[in-house]
Amino acid sequence: MKGIFTKIEDGKILVSLNKEFYEKSAVFAAAHKLSGRFGVLIEPLDERTVGVYLQPKPGNEMNEGDLNEAAFDFCNEVLDQQIRLDLESRYGVIREIIVKQAFAPVSLAELTEVLGKEPNDK
Amino acid sequence: MISDNQSSEILSSVSPYMCLPFRFMRFPKQKILLVNEAGEFLLLKTEEFEQLISFNFDLQNDIYKDLKSKHFLVDLEASLAPVIDLIATKYRTKKSFLKNFTSLHMVVVTLRCNHRCDYCHASSKDMDDRQWDMNTETSRKVVEMIFQTPSPFIK
């Protein structure tokens with residue numbers, strides 16, 4: 001996956017993410033989803049990458065295959081979260097317009113235009 | 001109402017169609033569920049979703065037509081204002097319950113319970129532990145509070 005590298009050490013897996021591709025809030029949202037099964041540590045590795053360590057919680061021991069699968073799931077999740085952010089930044093304004101328009105009061109001018117006369121006209 | 005300036009600004013930012021706001025979630029078997037403000041939903045295959053968000057969707061594909069008819073995207077040559085009008089109308093209908101204010105009130109008059117459900121949030125107490133019952137004074141205030149609602153369904 002573009003911009004993502006993984007490495008297993010001491011029973012935990014490190015996922016390195018390129019900051020150029022993934023925002024902080026996308027990484028946090030994805031990490032939070034795994035916090036039920038893993039202890040999650042997020043720290044900068046260098047100027048361009050951030051590291052996410054996933055360590056299985058006690059009673060949730062995992063072999064290498066399971067850890068790789070969890071890292072794979074995390075990678076997909078962080079990608080999804082970043083797509084959500086991108087879509088929101090691009091089209092969020094439309095969502096706001098829809099909600100605003102849905103609850104906007106109808107003006108007399110608009111009503112007159114639709115009805116062809118003022119509401120109280122006989 | 002969306003202005004012409006807003007419309008052209010949004011439409012000029014993408015090609016050959018633009019997506020409308022939606023939410024998505026991955027499901028098993030390589031499926032992705034899309035939902036939007038109008039209450040519409042659609043299940044896409046992963047590759048279809050990737051085509052959608054990378055603006056490579058085949059415009060003649062039936063799924064593309066489904067996406068368009070369910071307001072997940074709009075053609076560039078189409079005017080954005082009437083589409084937003086339509087979605088706003090559907091949104092208003094879907095949220096129409098809001099104008100009636102609160103009409104359902106759930107009152108917990110006691111924490112005593114003879115069950116011990118794992119999922120219970122109420123911290124149930126023993127059946128003879130009567131200190132957890134709501135007293136008459138509080139009960140009257142609760143009823144008065146409920147009748148303060150502007151909801152036409154509570155009279």
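**Figure 1. Surroundings of B:L73 in the predicted model.** Leaving out residues up to four places away in sequence, B:L73 touches B:Y17, B:M18, B:C19, B:L20, B:L67 and B:K68, where two residues are in contact if their C-beta atoms, placed from the backbone, lie within 7 Å. This is a predicted model, in which local features need pLDDT of at least 70 and side-chain atom pairs count only at pLDDT 80 or more, while totals for chains, interfaces and linings use all residues. Residues are numbered from 1 along each chain as its sequence is written, and chains are lettered from A and ligands numbered from 1 in the order in which they are written.

Figure 2. A nonpolar core is a set of buried Ala, Val, Leu, Ile, Met, Phe, Trp, Tyr and Cys residues joined through C-beta atoms within 7 Å; a residue is buried if 20 or more other C-beta atoms lie within 10 Å of its own, exposed if 12 or fewer, and partly exposed in between, with C-beta atoms placed from the backbone. The largest such core has 26 residues, and those with the most contacts inside it are A:I98, B:F72, B:L73, B:V74, B:I84 and B:I87. At least two residues of this core are supplied by each of α2 (64-102) of chain A and, in chain B, β1 (17-19), β2 (22-27), β4 (41-45), α2 (46-53), β5 (73-75) and α4 (80-94); helices (H or I, at least four residues) and strands (E, at least two) are DSSP runs, numbered from the N terminus. The largest share, 6 residues, comes from α4(B). Apart from this core lies another, of 15 residues, among them A:A30, A:F38, A:A71 and A:C75.

Figure 3. With 15 residues, α4(B) reaches 21 Å from its first C-alpha to its last, close to the 21 Å expected at 1.5 Å a residue, the expected span being 1.5 Å times one less than the number of residues in the helix. Its buried residues are B:L80, B:V83, B:I84, B:I87, B:A88 and B:Y91. An α-helix has 3.6 residues a turn, so residues three or four places apart point the same way. On the other side of α4(B), B:P82 and B:T93 are exposed.

**Figure 4. The contact between chain A and chain B.** In this view, 13 residues of chain A are in contact with 14 residues of chain B. The side of chain A that touches chain B has, by class, 9 nonpolar, 2 polar and 2 charged residues, where Ala, Val, Leu, Ile, Met, Phe, Trp, Tyr, Cys and Pro count as nonpolar, Asp, Glu, Lys and Arg as charged, and the others, Gly among them, as polar.

**Figure 5. Strand pairing around β4(A).** Strand β2 (residues 12-18) of chain A runs antiparallel to strand β4 (residues 49-56) of chain A, to which 6 bridges join it; two strands pair if DSSP finds at least two bridges between them. Strand β3 (residues 38-44) of chain A also pairs with β4(A) in the antiparallel sense, over 7 bridges, and β3(A) and β4(A) form a hairpin with 4 residues between them. A:L54 in β4(A) stands opposite A:I13, and A:L54 is likewise the bridge partner of A:V40. Chain A has 3 helices and 4 strands, which follow the pattern β-β-α-β-β-α-α along the sequence.

**Figure 6. Two loop residues of chain B with positive phi.** B:K29 is found in the loop between β2 and β3 (31-36) of chain B, and has a positive phi of about 60 degrees although it is not a glycine. B:K29 is exposed, with 7 other C-beta atoms within 10 Å. B:H71, which lies in the loop between α3 (62-69) and β5 of chain B, has a positive phi of about 65 degrees and is not a glycine either; B:H71 is buried, with 21 other C-beta atoms within 10 Å.

**Figure 7. B:T102 in the loop between α4 and α5 of chain B.** B:T102 lies in the loop between α4 and α5 (136-146) of chain B and counts as exposed, with 12 C-beta neighbours inside 10 Å. Leaving aside its neighbours within four places in sequence, B:T102 is in contact with B:T149 and B:S151. The C-alpha atoms of B:T102 and B:I146 are separated by 8.9 Å, although these residues are 44 residues apart along the chain.
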